[in-house]
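Morning, everyone. I have one structure to walk through today. Let me put it on the screen.

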Amino acid sequence: MKLQRHPELLDRLAAAHALGTLRGGARRRFETLAREEPVVRAAALIWQGRVASMNELQTPKAPAGAVWTRIDNLVRADQDSQAMAMARSAPPTQEPANGWWRSLVLWRGASAAGALATVLAVVTAVGLRDQLGAEIGALQAQLATVPTVEYVAVLNDDSASPSMLVTFDPNNRKLTLQRVGNFQESADKSLQLWALPPTGGPRSLGVLSQERLLKLAAVEGDVREVPTLAISLEPKGGVPSETGPTGPVLFKGALIQKML
Amino acid sequence: MAWLRVRRGVAENPPPPLRHNLRMADTQDGDLMALIERIAAQDQAALKTLYDLTSGKLYGLALRVLRRNEWAEDALQDTFLQIWRTAPDYRASLSPPMAWLGLIVRSRSLDQLRRHKAEREHLTDEIDDAMSDTLEGDSPNPMDTSLASQQAWALHQCLSQLENKQREVVSLAYLRDLSHGELAQQLQLPLGTVKTWIRRGLDQLRSCMARFA
């Protein structure tokens, strides 16, 4: 039957289709016709628009205030992850500022040397297990048994002695720092951990408390493709990430992604 | 001209007084469209303004579909996240802004409904309770034309002419995406009655809407 020759029936079917009460085989036949015949399709679309305006006639009610907070958080997270993705794919735009700390060449060199130094440091650490005490041994045993630890760094002082062991667990989004040397900052100073990405300036990963073992919140984006970590001595409470480190660098080392 | 036909339709079949100011509706639509355009350019402040202007209306719709505050809140949250992500597609939809927003709310609300299908028994009880008043009483289910597009205003005029129970059954069939059988079950009405009310309601709507076409 040519539905377009029966405008009354076409109108009735299109209205029932838009309302959703045309079901089963009748619905499938109507939709097939609509795909084939522009007249049928037009009637279906007109009624879809008419019926859908029922959405606009419902009595308003104010939602709870918490709903906007949740939306706002999600939108910000959405935008952050977009910005991060763009930053990752964008070519380097920012010329590092003057000063040895921000010297890209130095850090590139340092990170290349750092990779080798870290391997040596780990070997040394194993060899010097007795002197360094049970802490390192315990931590290494722990490293071997906890499969979620994906990034490891041993940060050395300027005499190449291991001073800080850093691991990152992407599952729990936690950086774990363990002091393995004897360094203790004075009460009016803080240690601050920095990521030194291949492009752009150093990025703060957090300020350390005085404990020997502590955890900092971080996401994988913070450490992925970061060749080097460093710790600087800063005024109590640390400095904002944008200013970069202001005090001396005490420890640094390469960050390696575990392959195991 | 649609506007003249609206006037004539009103004269032939006097509904409640025509309070809808079309020029005001145009201004509102323009404001909302400008906001959606800014949202498409990732303007978070514009999203907040759109939320302030429309969340009451959109939440009311989600609540009508879902009946539960927490589900309707989830649907509203999903809606605004989708607006944030798909605002660049708005222009191509050729819809009045509230029609576009309403469609998003309805689909996200129906998603919630499907997601909670396991709890459907409970939901059915609540609907039965809420519905028995509406269908037995004489008071019309209030319809609200704030922010409504011109087409929604026309549908409002035509729905107003239906008997309350017919309007209710027709509305729920669409808003909750219910078949004749599901409606009969939820409203505890004979299937034949539901079918008759819907057929008559739709016939009346068709002849009324034809005057606005």
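Start with α8(B), which is mostly covered: nine of its eleven residues are buried. Buried here is a C-beta count: 20 or more other C-beta atoms within 10 Å of the residue's own, with 12 or fewer called exposed, anything in between partly exposed, and C-beta atoms placed from the backbone. The buried residues of α8(B) are Gln151(B), Ala152(B), Trp153(B), Ala154(B), Leu155(B), His156(B), Gln157(B), Cys158(B) and Leu159(B). Helix and strand labels are DSSP runs, numbered from the N terminus: H or I with at least four residues for helices, E with at least two for strands.

Ground rules, quickly. This is a predicted model, where local features need pLDDT of at least 70, side-chain atom pairs count only at pLDDT 80 or more, and totals for chains, interfaces and linings use all residues. Residues are numbered from 1 along each chain as its sequence is written, while chains are lettered from A and ligands numbered from 1 in the order in which they are written.

Next, the interface. Chain B puts 49 residues into the contact, and chain A puts in 32 residues. Two residues are in contact if their C-beta atoms, placed from the backbone, lie within 7 Å. On the chain B side, the elements giving two or more residues are α3 (44–66), α4, α6, α8, α9 and α11. The largest share, eleven residues, comes from α3(B). By class, that side of chain B has 27 nonpolar, 15 polar and seven charged residues. The classes: Ala, Val, Leu, Ile, Met, Phe, Trp, Tyr, Cys and Pro are nonpolar, Asp, Glu, Lys and Arg are charged, and the others, Gly among them, are polar.

Now cross to chain A and α3(A). Its buried residues are Val40(A), Ala43(A), Ala44(A), Trp47(A), Arg50(A), Val51(A) and Ala52(A). What do they pack against? In chain A, α1 (7–19) and α2 (24–36); in chain B, α6 (97–115), α8 (150–160), α9 (164–175) and α11 (191–210). A length check on α3(A): 15 residues at 1.5 Å each should span 21 Å, and the end C-alpha atoms are 21 Å apart, which agrees. The expected span is 1.5 Å times one less than the number of residues.

Back to chain B for a helix pair. The axes of α4(B), residues 69–86, and α6(B) come within 8 Å and cross at roughly 130°. That makes α4(B) oblique to α6(B). Axes are lines fitted to C-alpha atoms, for helices over the stretch in contact, with angles from 0 to 180 degrees between N-to-C directions. Under 35 degrees is roughly parallel, over 145 roughly antiparallel, 65 to 115 roughly perpendicular, and the rest oblique. Residues meeting across this pair include Trp71(B) and Ile83(B) in α4(B), and Ile104(B) and Arg108(B) in α6(B). The contact divides into five nonpolar, four polar and three charged residues.

Last, chain A overall. It has eight helices and eight strands. Of its 260 residues, 31% count as buried. One of the strands is β3, residues 174–179, where Leu177(A) is found. Is Leu177(A) buried or exposed? With 25 C-beta neighbours inside 10 Å, Leu177(A) counts as buried. Beyond four places in sequence, Leu177(A) is in contact with Met164(A), Val166(A), Leu193(A), Leu208(A), Leu214(A) and Leu216(A). Met164(A) is 13 residues from Leu177(A) in sequence and 6.7 Å away, C-alpha to C-alpha.
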